[in-house]
Amino acid sequence: MSKILEQLQKRILILDGAMGTMIQSYRLSEQDYRGARFKDHPGDLKGNNDLLSITQPQIIGAIHRAYLEAGADIIETNTFNSTSVAMADYRMEGLVYELNLAGAKVARAAAAEYSANTPDQPRFVTGVLGPTNRTASISPDVNNPGFRNTSFDQLAESYGEAIRGLIDGGVDALLVETVFDTLNAKAALFAIDSYFDAHNVRLPVMISGTITDASGRTLSGQTVAAFWNSLRHIRPMSFGFNCALGAKELRQHIEELAGIADTYVSAHPNAGLPNEVGGYDESPEAMAKEIEEWARSGFLNIVGGCCGTGPAHIKAINDAVAKYPPRALPVIEKQCRLAGLEPLSISPESLFVNVGERTNVTGSAAFKKLILNGEYDKALDVARQQVENGAQMIDINMDEAMLDGEQAMVTFLNLIASEPDIAKVPVMLDSSKWSILEAGLKCLQGKGVVNSISLKEGEAEFIK
């Protein structure tokens, strides 16, 4: 068992607070960001906080030490935007590995220093993989809902570079955080699993989503339970929420998660809601009082702060929760747990599960004609009618000799993702071709069903 898992069984662990808030307090100039190495780099670099791990490592190290001094057990690497997708804004895609390596090494040095000083309280580093500035489930073009400016494969490749740097830099765990689109998170988690398999290594994985407003959903539309159902297969060390909301607004979602997740629960909320100029005003005392009630209610295993929080917030939270035991992992009944934007759990009491099968070119001549004619708007109406008539999931099949099945599947799934009244139910991907199934799975942020898999191409291909 890893040391971090040992500690989680003993007490509520303290995560650090906001990196960006602390960096802002230094009031750094463009030249401070550039340093000597990047003095001639084209384009502005001010605001590229991750670059400071290379150009101002002493500042990033000081921030880590301030949080460790406040009692943090786990510090996050300064790598929130250190992917090629996000670094493209600064024309620094080629620096991804170095940014993650440097970010991990600065944090590792600080954690090692404090672990040596407090041997009964080992300190840990989690490598941060942020959400990027693109979304695989939402079109950036309001006039073209099926358009995407990134893909699962592009995201997975970008995350792979970052993961290599973080692990080479010595992190203890990996944190996929501020997840606003579960499909982006799936790409990150796929990249993590792929790296682990290729290098015969395993580290604990933490996942933290973000509920964007009072609707209780992620930006891409998933509820708390749907988000959990979609990613629970990774068997993360911890699952939780951060950012967007203050502790008061986030409480109900942490309570819900604590009741359904059979893994450790984390939370790092903002210091209240943003004020009229985008700042955060909640005091350490007020935030700690709110979070103490969470600990008393048995919701927490890991807690820290996000936007607007600093070492004073972390110290106050640490002091407030120290006297409470960590949340005990519940025993959750085994069920088939699926998800679109909303969860679908199938238990022995579920009776029949209605699958809408009219979105199937092999089973519906009318639907086949619509797809062959490129009338996707009308094809969406077929899917919508099925859900309105009680379908609990929809079966989609694009196996037709006259079609590019992969392209048709991707196009239709991307269009469905922009229709919440359809996307709320899970998707059943139906094809006899592996390539179509795989293309479809890379479009689903939820937890779907694959229908049908056979051994006709051989056992090796089936297992692969």
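How do the axes of helix α8 and helix α9 come together, and at roughly what angle do they cross? The points below take up this question first and then turn to other parts of the structure.

1. This is a predicted model, in which local features need pLDDT of at least 70 and side-chain atom pairs count only at pLDDT 80 or more, while totals for chains, interfaces and linings use all residues. Residues are numbered from 1 along each chain as its sequence is written, and side-chain values use heavy atoms, with hydrogens and water left out.

2. The axes of helix α8 (residues 152-168) and helix α9 (residues 182-199) come within 8 Å and cross at roughly 50°. Helices (H or I, at least four residues) and strands (E, at least two) are DSSP runs, numbered from the N terminus, and axes are lines fitted to C-alpha atoms, for helices over the stretch in contact, with angles running from 0 to 180 degrees between N-to-C directions. The two helices α8 and α9 are therefore oblique to each other, since angles under 35 degrees count as roughly parallel, over 145 as roughly antiparallel, 65 to 115 as roughly perpendicular and the rest as oblique. The crossing of α8 past α9 is right-handed, a term used if the near helix is turned clockwise from the far one by less than a right angle, and left-handed if anticlockwise. On the α8 side the contact is made by residues including F152, L155, Y159 and I163, and on the α9 side by residues including L183, A187, I192 and F196; contact here means heavy atoms within 4.5 Å.

3. Helix α9 also meets helix α10 (residues 224-231), the axes coming within 11 Å and crossing at roughly 25°. These two helices are therefore roughly parallel to each other, and their crossing is right-handed. The contact is made by T182, A185, K186 and L189 of α9 together with F227, S230 and L231 of α10.

4. S230, which lies in helix α10, is buried, with a relative accessible area of 0%; buried means under 20% relative accessible area, exposed over 50%, and partly exposed in between (1.4 Å probe, protein chains only). Leaving aside neighbours within four places in sequence, S230 is in contact with T182, K186, Q222, A339, Q445, G446 and K447. S230 and V355 are 125 residues apart in sequence and 19 Å apart in space, C-alpha to C-alpha.

5. The largest nonpolar core has 92 residues, and those with the most contacts inside it are I163, I192, I254, I291, W294 and L300. Such a core is a set of buried Ala, Val, Leu, Ile, Met, Phe, Trp, Tyr and Cys residues joined through side-chain atoms within 4.5 Å. Apart from this core lies another, of 31 residues, among them V382, V387, C443 and L444.

6. Helix α15 (residues 376-388) has 13 residues that, at 1.5 Å a residue, should span 18 Å, and its end C-alpha atoms are 18 Å apart, which agrees; the expected span is 1.5 Å times one less than the number of residues. Its buried residues are Y376, A379, L380, V382, A383, R384, Q386 and V387, and they pack against β11 (355-356), α14 (365-372), β12 (393-397), α16 (405-417) and α17 (420-423). Just after α15, G390 takes a positive phi of about 110°.

7. The buried residues of α5, among them I59, I60, I63 and L68, pack against α2 (19-24), α4 (52-55), β2, α7 (96-117) and α13 (311-321). Just after α5, G71 takes a positive phi of about 115°.

8. T83, in the loop between β2 (74-76) and α6 (84-87), is buried, with a relative accessible area of 3%, and, not counting residues up to four places away in sequence, touches V96, T132, S158, Y159 and A162. D430, in strand β13 (residues 427-430), is buried at 11% relative accessible area. E98, found in helix α7, is partly exposed, with a relative accessible area of 28%; E98 and A162 are 64 residues apart in sequence and 8.7 Å apart in space, C-alpha to C-alpha.
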